[in-house]
Amino acid sequence: MSVLPKKHTIPAWLPLALLLLIAAGISVVVGAYELNLATLIDALLGRADRMENFLVWQVRLPRVVLAIVVGGGLATTGAAVQGLFRNPLAEPTFIGITSGAMLFAVLALVFSVTLFSWLPPAILQLSVSISAFAGALLTTWMVYSIANRRGRMEVTTMLLAGIAITALAGAFTGLLIYKSDEEQLRDITFWTLGSLAGANWLQVAVCAPVTLIGSYFLQRDALALNAFLLGEREAIHLGFKVAKIKRRIVIWTALIIGACISVTGLIGFVGLIIPHLIRLRVGTDYRKLILLSLLLGATFLLLADSLARTIVAPAELPIGILTAMVGAPFFIWLLLRQNRKSIGR
Amino acid sequence: MITGRNLSIIRSGRKILNDVSISCPPGQVTVIMGRNGAGKSTLLRILAGELLPDTGSVNMNGSTLSSLSSRELADRRSVLAQTSHLTYPMRVREVVEMGCYNRYDRLKHYERESLIESSLEKLKLNSFADRFFDTLSGGEQKRVLLSKCLAQLHAGRVAGKQQFLLLDEPTAALDVEQQFLFLELATSLAQREGIGIIAVLHDLNLAARYADRVLLLKNGKKQVAGNVRQVFQPDVLRAVFGVACLVQDHPHLDIPLITTYGSHHQSTADSLSRA
């Protein structure tokens, strides 16, 4: 391992950015209705027929942008949380964000859809999103306040509190599922499998700023996240205001994840595997890790979504199925590889 | 000068530190010693500004520690922790670079690079620069971390401002030669650059060799403080450490040579049985 790495003259983000562009191109073109390049360009310029213009501008493009935003958000926060907890298995799920979003989404699916069924479907969908977002923030706040003693946040306590709150929220979710009817059950199941179907510009307008601003702030704490790798005490010795930084990371993670999964439902494994993949190739340095995770996470979700749209066309597979199907075996491979490496050492 | 006045700290009803005062001049090596649980590391953490004492205060170059911001503090003192473990693999160079984080935006890229190089150089680590930290031996890791501390002090140096290096059991994981080399280096730095060193040590002879001042703690209380000759007396050492020992003049160096030969209780038992 003592071999010097080749000095890269091209910055590491460039190939990933190109990959992202290519993936975006593919994702706009493929689907139940295939577009060729000429029609795509026409449609982008608004010169194709009305149906194709609409397809590109109102269906495909918002979906592509949403996939970029959500994939990037999941991967970035995954990287940040793994640094915060100094635990390679950490995911935003760990601090209760997901369970809260889930409970409140189910709450909305079961109640608002029954009580306010006369409202237009777009509003109903929005109510599920807003509810899920509120739930995500609420449970994160609960976990955070349990772990926060006299201004000091114990990371281990936070993990345990996350598990407890997740179990509690899971129990209430189970209760709601028990009370729900066939159609609601179907809605709930699909929400937990995640999907980018029905993406629209409003969702993009909400998720994109939160994710981008949040990622920018996480990137600004890259040095502190590096220092955390040696432990919180080392970070204090090096001059970081550790308590403040931890709070900041938790808040931005909750906002990003809350915003993303409130519109897409649960999408697992992106936050777990993407940062690991970057670490394997480029190393642990958070100055690079945050941005590169954003790019690769976006690319990964774009490709997964393109596959989800084509594999059973004209129907669609929920994207959560695909990310887990690719993610879990990959993760096992990673574990085996790490085992072999540590034995070899 | 770092001065701690009447420092006390109470945890779950027990006084871990009880009214301890200490002063650590710049350019000198102050060694804190005592049994396990005597409060040595706690005292060091308070002097590092990492822990607030329940009573008393710490003063560094005329300003109280609690009035300094985290960044100002990191400019003036650096801490070598007892154990450090990396969660993910990082290269030696990246670990040493952490020493510059406090001044990251105020240093230009090439200034950081040359600072890293010179800090690696000081500990003869140049050939290790691109190795992974967790593949190194315990002694090598300690040197990397010391190199990081030096980078931090160098980056934070301001003319006329004193700086301090706090070492928490720095020789714990080192072999015998490394222990000497490590302390040799640290003390020569103190003398050359006027850095004040505060170290927690367990080995009496190492302390006798390198300390300018020694403070002995027992059950959280200051037992005695002074220079090596004043402190290293057989009855004092027996009272603090519970060991019977012989204190002689070193035949070659102008320091005391301490030979421990058993626990205090055991030696009294021996002498009784002989009588």
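1. A:Asp181 is partly exposed, at a relative accessible area of 42%; on the scale used here, buried is under 20%, exposed over 50% and partly exposed in between (1.4 Å probe, protein chains only). A:Asp181 sits in the loop between helix H6 (155-179) and helix H7 (182-193) of chain A. Helices are DSSP runs of H or I with at least four residues, strands are E runs of at least two, and both are numbered from the N terminus.

2. Before going on: this is a predicted model, where local features need pLDDT of at least 70, side-chain atom pairs count only at pLDDT 80 or more, and totals for chains, interfaces and linings use all residues. Residues are numbered from 1 along each chain as its sequence is written, chains are lettered from A in the order in which they are written, and side-chain values use heavy atoms, without hydrogens and water.

3. Patch members have over 30% relative accessible area and no salt bridge, with like charges joined within 9 Å and nonpolar side chains (Val, Leu, Ile, Met, Phe, Trp, Tyr) within 5 Å. A salt bridge would be a Lys or Arg side-chain nitrogen within 4 Å of a carboxyl oxygen of Asp or Glu.

4. Chain A also carries a nonpolar surface patch of about 580 Å², made by A:Ile10, A:Trp13, A:Leu14, A:Leu18, A:Leu21 and A:Leu291. Helix H1 (residues 13-29) of chain A gives the largest share, four residues. A:Trp13 lies in that helix and counts as partly exposed, at 41% relative accessibility.

5. Overall, chain A has 14 helices and two strands. Its radius of gyration is 21 Å, close to the 20 Å from the globule rule for 345 residues, so chain A is as compact as a globular protein of that length. (The radius is taken over C-alpha atoms; the rule is 2.2 Å times the number of residues to the power 0.38.) The C-alpha trace of chain A spans about 60 × 50 × 35 Å along its principal axes, and 50% of the residues are buried.

6. Chain B has 10 helices and 12 strands. With a radius of gyration of 20 Å, close to the rule's 19 Å for 275 residues, chain B is as compact as a globular protein of that length. Buried residues make up 52% of chain B.

7. Look at helix H1 (residues 40-47) of chain B too: six of its eight residues are buried, among them B:Leu43 and B:Ile46. B:Gly49 follows this helix with a positive phi, near 80 degrees.

Key:
Areas by Shrake-Rupley, 256 points an atom, 1.4 Å probe, with all protein chains shown as cover.
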